[in-house]
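Here is my note on the model, for reading beside the coordinates. Please go through the points with the structure open.

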Amino acid sequence: MGGRLVNGTWYAEGYEPDADGRFVRQSSVFRDWTRDTEGARFRPEAGRFHLFVSLACPWAHRTLIMRQLRDLEHALPVSIVHPDMLDDGWEFREFPGSTPDPVLGARYMREIYQAADPGFTGRVTVPVLWDRREGTIVNNESRDILRMLDHDWRSVSPQPEPDFAPAALRDEVETTLDAIYEPINNGVYKCGFAQSQAAYEEAADDLFMALAHWDGVLSSQRFLCGNQLTEADICLYTTLVRFDAVYAVHFKCSQNRIVDYPNLWGYLRDLYQRPAFRETTDFTQIRRHYYVSHPFINPTQHIARMPEIDFKAAHDRDRLPEAR
Ligand SMILES: N[C@@H](CCC(=O)N[C@@H](CS)C(=O)NCC(=O)O)C(=O)O
């Protein structure tokens with residue numbers, strides 16, 4: 001469930017819907033940028049920055065995939081919160097795959113926000129890109145962090161190629177990121193957190209229309225923006241991989257499963273079978289987080305079984321060309 005800081009003070013509280021019961025996600029507040037230019041305030045450098053994430057969270061998961069694709073595991077260390085997000089919000093507590101916080105030795109993620117801005121007002125979300133030198137948050141928007149690690153960390157990265165939003169495809173990548181955000185990435189939450197039947201129906205219509213659309217697109221091309229893996233694929237992946245295990249049940253995204261879409265399902269297996277995707281995907285943390293953290297929609301907090309789906313089964317995507 002989580003909560004909010006108001007002028008630096010923590011209040012446990014859920015999500016405030018709009019007048020019609022729709023879930024409204026707050027915009028990210030810290031939007032500075034790491035730039036690889038002489039004299040830049042936040043210049044990428046091995047060991048200077050730190051990433052705070054949850055393995056459960058689809059937004060944070062995006063940044064972990066890019067970090068691994070760019071081989072930045074040593075240059076950019078991470079802290080991983082406990083999967084439960086209840087009255088105290090995200091916490092650093094023992095759980096397989098989770099870590100303590102070596103930066104501030106914090107118990108709660110909100111302490112990171114309080115350290116960056118003692119008068120902060122807003123929700124305490126992950127991912128967070130932290131600067132050890134200034135002791136502040138650089139950015140807490142996954143799409144920005146993804147782009148920074150893709151484009152601005154090349155000189156620090158042992159694996160600076162390929163470009164996951166190359167100039168020739170930049171507009172298409174942006175348009176696709178925008179197109180999948182509301183109906184799909186945020187859409188599953190809008191289904192799950194809808195506080196009226198009408199708000200749920202609206203979100204479910206948009207979600208399943210968008211999935212059908214992209215299933216069609218993927219019938220004749222390997223990736224969302226053509227024959228090349230881009231940031232848009234990373235952003236769709238983190239929602240798709242959670243879909244059948246969690247969203248279909250917990251968020252009532254029940255009309256179809258991903259395994260029911262031949263192209264989306266093949267595409268999802270194709271991505272899952274790449275190390276940066278597979279090794280950052282933790283179904284135990286994912287399932288534990290959602291089923292436990294939202295008692296207002298799952299009061300028993302029982303964790304539903306993992307469906308019998310085989311992400312490692314051969315996929316047929318090699319029939320479609322891939323540019324590297
Ligand atoms: N727009 C943000 C959203 C991040 C976000 O909402 N993260 C969730 C986890 S899935 C969170 O930390 N929620 C805490 C809360 O709302 O209290 C991004 O993409 O980085």
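1. Ground rules. This is a predicted model: local features need pLDDT of at least 70, side-chain atom pairs count only at pLDDT 80 or more, and totals for chains, interfaces and linings use all residues. Residues are numbered from 1 along each chain as its sequence is written, and side-chain values use heavy atoms, with hydrogens and water left out.

2. Ligand site. The ligand is surrounded by 17 residues, each with a heavy atom within 4 Å of it. Arg25, Trp90, Arg123, Glu141 and Ser142 are the closest.

3. Polar contacts, meaning pairs of N or O atoms within 3.5 Å. A polar side-chain atom of Ser142 lies 2.6 Å from a ligand oxygen atom. Asn140 uses a backbone N or O atom, 3.4 Å from an oxygen atom of the ligand. For Ser28, a polar side-chain atom lies 3.5 Å from a ligand nitrogen atom. On its own the ligand has 520 Å² of accessible area (Shrake-Rupley method, 1.4 Å probe). The protein covers 95% of that.

4. Helix 3. Is helix 3 enclosed or open? Eight of its ten residues (142-151) are buried, so helix 3 is largely enclosed by the rest of the structure. Buried means under 20% relative accessible area, with a 1.4 Å probe and protein chains only. Helices here are DSSP runs of H or I, at least four residues, and strands are runs of E, at least two. Ser142 is among the buried residues, as are Asp144, Arg147 and Asp150. The cover includes strand 3 (49-53), helix 1 (58-69), helix 4 (170-185) and helix 7.

5. Nonpolar core. The largest core has 101 residues, and Met109 and Leu211 touch the most other members. Such a core is a set of buried Ala, Val, Leu, Ile, Met, Phe, Trp, Tyr and Cys residues joined through side-chain atoms within 4.5 Å. Helix 7 (residues 231-250) gives the largest share, eleven residues. Leu211 touches residues including Leu240, Phe243 and Tyr261, by heavy atoms within 4.5 Å.

6. Three strands run in the order 2-1-5, with antiparallel pairing. Pairing takes at least two DSSP bridges. Strand 2 (9-12) and strand 5 (122-123) each have a single partner strand, so one side of each is left without a neighbour in the sheet. Four bridges join strand 1 (residues 3-6) to strand 2. Leu5 has Trp10 as its bridge partner in strand 2.

7. Hairpin. Strand 6 and strand 7 run antiparallel over three bridges. Trp130 is bridged to Ile137. Four residues lie between the strands, and Gly135 takes a positive phi near 65 degrees.

Definitions and conventions. Buried < 20%, exposed > 50% of the residue type's maximum accessible area, 1.4 Å probe, protein only. Polar contact = N/O pair within 3.5 Å; in protein donor to acceptor, adjacent residues only side chain to side chain. Lists of a residue's contacts leave out its neighbours within four places in sequence.
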